[in-house]
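Visitor: Please show me the model, and then take me through it by question and answer.

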Amino acid sequence: MSLTVAVTGGSSGIGLAIARHFAGKGHTVYSLSRRPSMDGVRHIPCDVTDEASVNAAFAALEQAEGSLDILINNAGFGISGAVEFTELQKARNLFDVGYFGLLACVKQALPLLRKSDAPLILNVGSLAAALPVPFQSVYSSAKAAVSALTLCLVNELRPFGIRVCAVLPGDVRTGFTAARDKSADGKELYGERLERAVARMEADEKNGMPPERIADAVYRAAMKRRPKPLFTVGAGYKLLFALSGLLPVRFVNWIEGKLYG
């Protein structure tokens, strides 16, 4: 059965890999993004930070398909730096894309998803939601908000038969690393800890999983009747995710501080 799939941020990184994977399985895939995606993936221009743009994108999708089977919220970017020196506007910009943009897409997608026989909302979060990373506080906070929203939607939308879940990837090799907005402000106070934490993050990402592995996991979750509300990919990351819920918060956070702080 061919499904209609919409992927935000489907022109690069994990979003592109997801769009390519679903299209390769014979599904009709739309990339809702500012830039075109690839051959085999249809493009609807969309800036998730602009509510009018989101509304127009889903209106175009409804006109083209009439309904929607799967919404995959992937659009996002990263910033890093000490909380004390993080510009509030930069923090707002990150939340505008990674949280409020996601929320705007969910709101517009729901009427279309109700017309589907197997509707799904899948949010691309991060393991940083469960294991917040020092000096990547705004990104970690936004992804924690995505996890919380996901769990709320699971219960709110259950009566409509709309499945909701979030994948929380660990380190993935994409252009996300190079595109991160890094701030070294406050280095004179925080010393080498700031640079060391960011360098550790970037090294882990550059040696991380290929985005195609995340795309495969997303596809398999989408095909399940009851996907896990929150899940990650890879044996090591699954262990870390499980331990984050079992061990004392103080101990887990201390370990994070040793690794990145």
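Guide: Contact means heavy atoms within 4.5 Å. This is a predicted model, in which local features need pLDDT of at least 70 and side-chain atom pairs count only at pLDDT 80 or more, while totals for chains, interfaces and linings use all residues. Residues are numbered from 1 along each chain as its sequence is written, and side-chain values use heavy atoms, with hydrogens and water left out.

Visitor: Leaving aside neighbours within four places in sequence, which residues is V7 in contact with?

Guide: V7 is found in strand β1, residues 4–8; strands (E, at least two residues) and helices (H or I, at least four) are DSSP runs, numbered from the N terminus. At 0% relative accessibility V7 counts as buried, where buried means under 20% relative accessible area, exposed over 50% and partly exposed in between, with a 1.4 Å probe and protein chains only. Beyond its neighbours within four places, V7 is in contact with G15, I18, A19, V29, Y30, S31, L32 and I72.

Visitor: How many Å apart in space are V7 and A23, C-alpha to C-alpha?

Guide: In sequence, V7 and A23 are 16 residues apart. In space, C-alpha to C-alpha, the distance between V7 and A23 is 11 Å.

Visitor: Is S11 buried or exposed?

Guide: S11 lies in the loop between β1 and α1 (13–24). Its C-alpha atom is separated by 24 Å from that of A129, 118 residues apart along the chain. With a relative accessible area of 17%, S11 is buried.

Visitor: How many disulfides does a search of the whole structure find?

Guide: A disulfide is a pair of cysteine sulfur atoms within 2.5 Å. The sulfur of C46 is 5.2 Å from the closest cysteine sulfur, in C105, which is too far for a bond. C165 is in no disulfide either, as the nearest cysteine sulfur, that of C152, is 15 Å away. For the whole structure the search finds zero.

Visitor: What is the relative accessible area of C165?

Guide: C46 is buried, with a relative accessible area of 5%. C165 is also buried, and its relative accessible area is 0%.

Visitor: What is the phi of F135?

Guide: F135 is placed in the loop between β6 (120–124) and α4 (137–157), and at 9% relative accessibility it counts as buried. Most residues other than glycine have a negative phi. F135 is not a glycine, yet its phi is positive, at about 70°.

Visitor: Does A144 count as buried, partly exposed or exposed?

Guide: A144 lies in helix α4. A144 and E195 are 51 residues apart in sequence and 24 Å apart in space, C-alpha to C-alpha. At 30% relative accessibility, A144 counts as partly exposed.

Visitor: What is the radius of gyration of the chain?

Guide: The chain has 10 helices and nine strands. The globule rule, 2.2 Å times the number of residues to the power 0.38, gives 18 Å for 261 residues. The chain is close to that value, so it is as compact as a globular protein of that length. Taken over C-alpha atoms, its radius of gyration is 18 Å.

Visitor: What share of the contacts with a separation of 6 or more is between residues 24 or more positions apart?

Guide: The C-alpha atoms fill a box of roughly 55 × 35 × 30 Å, taken along the principal axes. Of the 261 residues, 50% count as buried. Among contacts with a separation of 6 or more, residues 24 or more positions apart account for 72%.
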